[in-house]
Amino acid sequence: MSVSSSSPVKAKARCSHFGTCGGCALQDLDYAAQLERKTSRVAQALSFIKDLPELKAHGAPDLWFYRNKMEFSFGDVYPPVAGGPTVQLGLKPKGRWYEILDLQECYLMSPQTAPLLKAVRSWAEKNQVAPYNNHKQKGLLRFMVLREAKNGDDRMVQLVTADGELPEASFVEAVLSAYPATTILRGINGKISDTAVSERLKALTGPGEIIETLRLPGRELKFRISPLSFFQTNTRAAEVLYGAVRSWVKELKAPAVLDLYCGGGGIALSLADVCAKVVGVESNPSAVADASDNATRNGIANAEFYSGPVEVLLPSLIALAPQAAVVDPPRVGLHPKVAGVLAVSGPKALIYVSCNPDSLARDLKVLCGPYQVERVEVFDLFPHTEHVETAVLLRR
């Protein structure tokens, strides 16, 4: 790939919080320049590969309101202001976990997000529900987590609080006044840890879950998303990524395929009709339960999912003689044992899906002895940020 030496084309940042929030660090770049920057980043990371194929870049289908999940944090106003306000609700600026950016607008999730934040702030002030203070370990409100079906009408709001009495009915009323939620939950996190993970969950209204649809060429899949489910954060861009992986597997004509680090089964279930059998492995038991449930929901009988560390289960799975494997590891990349087993005895074809060019490059330095890189494609799942996804097809 050739890298342009011209200066990036500047654009006017849409959000008034740009530069403070840190979430959309590239919002002042023209989108074509953003995509070129990300593609160049991947090309540079993989420049050690001899005869590196031309990188094909896939821009995001939606540049705004593309996220299907966001977490917002509560905080108190410090120093206190006479007469209020007393509650902040928004995002934590990058590198400043102890602060809250009181968000007034955001173009990442949906047009209803900012009105919802305003309604919940007003509810908290009116009902004198205090935000949780990590230093004092007092207060109630900790996080608000939103999840949306981008190919449907389902919307989830989860309020994460400390233990204590909460005016739940008025919270539901406040949410519905600004946001078309189909289910609203309260989660309890009684631990000191500053996370949006709940120990206990209660549905205040609705079923406590939402249904999202993945639309792939020639295939449509339904996924149940619960408060703890893993699902790619950009539904429509994930459709592009999964569609590419699916087309590669279809070309390979591999009867048996492994999906390592399978999460909730998104990739595995996308492949189920282009191979005879797909086996997914994931260390998170709740994700495996979601994957199995989603297989049943879609009438898929040739997908199996196992819970356990990939590095422990992989040798036994390799003994089944799969013809292809897909790996989609977390940002840290493959466990060294996984890279080693794949290099020595991995299948004829390997598809590596990566969210981190640096860990991808490290792992490919191990794999590119026995394997040769055949294709590299770049996918933008997070416009206006530095994040980039890469899919690499390798053959022995």
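**Close-up views of a predicted model**

**View 1. Helix α7 (residues 310-318) packs with helix α8 (residues 336-345) at an angle of about 15°, their axes lying 9 Å apart.** Here, helices (H or I, at least four residues) and strands (E, at least two) are DSSP runs, numbered from the N terminus. Axes are lines fitted to C-alpha atoms, for helices over the stretch in contact, and angles run from 0 to 180 degrees between N-to-C directions. The two helices α7 and α8 are therefore roughly parallel to each other (angles under 35 degrees count as roughly parallel, over 145 as roughly antiparallel, 65 to 115 as roughly perpendicular and the rest as oblique). V310, E311, L314, P315 and I318 of α7 meet K337, V338, V341, L342 and S345 of α8 in this contact (heavy atoms within 4.5 Å). Sorted by class, the contact of α7 with α8 holds seven nonpolar, one polar and two charged residues. For these classes, Ala, Val, Leu, Ile, Met, Phe, Trp, Tyr, Cys and Pro count as nonpolar, Asp, Glu, Lys and Arg as charged, and the others, Gly among them, as polar.

A note for all views: this is a predicted model, in which local features need pLDDT of at least 70 and side-chain atom pairs count only at pLDDT 80 or more, while totals for chains, interfaces and linings use all residues. Residues are numbered from 1 along each chain as its sequence is written, and side-chain values use heavy atoms, with hydrogens and water left out.

**View 2. The second largest pocket holds about 550 Å³ of space.** A pocket is an open set of points on a 1 Å grid over the protein atoms alone, where a 1.4 Å probe fits, with protein on both sides within 12 Å along at least five of seven lines; lining residues have an atom within 4 Å of a point. Among the 22 residues lining this pocket, G75, D76, Y98, I100 and N133 are the closest to its centre. The elements giving two or more residues to the lining are β2 (69-76) and β5 (141-148), and β2 gives the most, with four residues. By class, the lining divides into ten nonpolar, six polar and six charged residues.

**View 3. Cis peptide bonds join Y78 to P79 and G84 to P85.** Omega is about 0° for the bond between Y78 and P79, and about 5° for the one between G84 and P85. Look for P79 in the loop between β2 and β3 (87-91); P85 is also found in the loop between β2 and β3.

**View 4. D51 has a positive phi of about 55°, although it is not a glycine.** You will find D51 in the loop between α1 (31-45) and β1 (56-58).

Key:
Grid points are joined across faces, edges and corners, and a volume is the space filled by probe spheres set on the points.
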